[in-house]
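Work through the exercises below with the sequence and the model open beside you, and try each task before reading its solution.

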Amino acid sequence: MSHLLEINNLSVKFHIFGGTVQAVRGISLNLNKGETLAIVGESGSGKSVTSKAIMGLIPSPPGEIATGDILFEGNDLVKYSKKQLQKIRGKEISMIFQDPMTALNPTMKIGKQIMEGLIKHQGMTKHDAKKRAIELLQLVGIPNPEKRVDEYPHQFSGGMRQRVVIAIALACNPKILIADEPTTALDVTIQAQILDLMRDLQKKTGTAIILITHDLGVVANLAQRVAVMYGGKIVETGTLDEIFYNPKHPYTWGLLSSMPKLHAKTDKLLAIPGTPPDLSNPPKGCPFAPRCPYAMKVCTDHMPEYTEMSSTQRTACWLLDERAPKVEPPATIGVGGSNND
């Protein structure tokens, strides 16, 4: 089966005054039609840089794609010119940005912002584009779309602005939708509504979604597969069940342990000690080694190869080597229950 999107050995660097930041370091991923892939990890792990590389939005200078290819339907987007990428962005691959207020133009009516892509990519007339804009606003659950299509972003609440951003992203029926922290700025009630909306829209349109987030609760609600990033590397990938119920990497254990538990006996939240690595001087071994309670000398000296745990799960950790000591996952990684469940 051929993948809709395939990333091979992607490395992204930023040349800044203090040196070179190796933001993404040789990652490989794939995305199939109609599925949701979540990329999770702490801030600075390389998630958003990966999404911007797919969209062709790495600013040059200071950024550059140093190695790798990004194959969309078999075509390498890294080799595309700016003009070629403009034809892909919005039409074939679209993106929901993190802050809807900065993603929207405050001086333009909502309808006109939705219409832009329809006129440019679909060749619609202004009349047909406005009619479609109203349909899209209705699709994303905005009441009175005929009236609100002529309003400005400041007249919408945060949740409604996020719905508008989703409408813009979906306007041209893209094959891939990249959602970069789509619910971060929203309260819990609105967050649940946006997740329900995205799930419903995916069923209706068949769009594949790449979900960029640090919120494992969002991942549990939306994703089928998960890639865990740390220090510019992908340390573990697997299905949702494999990552949540049978994780193998200590960093994944740490992420799951830090999730609030509904029936926990204590109100104290667990945290991963230490800080992420400095990617202007990245470690030569496993990037998580300085924070890992199970780290061995080999972890700091050499980056581990991937171990295939199943046909869908692979993990880069020296603990999986047959010569390593046997380590049991901590009891705190149980999803949704107490530490004693």
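**Exercise 1.** Find how much space lies in the second largest pocket, and which residues lie nearest its centre.

*Solution.* The second largest pocket of this predicted model holds about 360 Å³ of space. A pocket here is an open set of points on a 1 Å grid over the protein atoms alone, where a 1.4 Å probe fits, with protein on both sides within 12 Å along at least five of seven lines, and lining residues have an atom within 4 Å of a point. Its lining has 17 residues, and G56, L57, I58, K82 and L85 lie nearest the centre. At least two lining residues come from each of α1 (47-55), β4 (63-72) and α2 (82-88).

Residues are numbered from 1 along each chain as its sequence is written. In this predicted model local features need pLDDT of at least 70 and side-chain atom pairs pLDDT 80 or more, while totals for chains, interfaces and linings use all residues, and side-chain values use heavy atoms, without hydrogens and water.

**Exercise 2.** Determine which element gives the most to the lining of the largest pocket.

*Solution.* The largest pocket holds about 600 Å³ of space, and among its 24 lining residues R89, G90, S94, F97 and I168 are the closest to its centre. While β6 (93-96), α4 (110-122) and α7 each supply at least two lining residues, α4 gives the most, with six.

**Exercise 3.** Describe how the axes of helix α7 and helix α8 cross.

*Solution.* The axes of α7 (residues 158-170) and α8 (residues 188-205) come within 10 Å and cross at roughly 20°. The two helices are therefore roughly parallel to each other, a term for angles under 35 degrees.

Terms used
Axes fitted to C-alpha atoms, helices over the stretch in contact; angles between N-to-C directions. Helix = DSSP H or I, 4+ residues; strand = E, 2+ residues; numbered from the N terminus. Parallel < 35°, antiparallel > 145°, perpendicular 65-115°, else oblique. Points joined across faces, edges and corners; volume = space filled by probe spheres on them.
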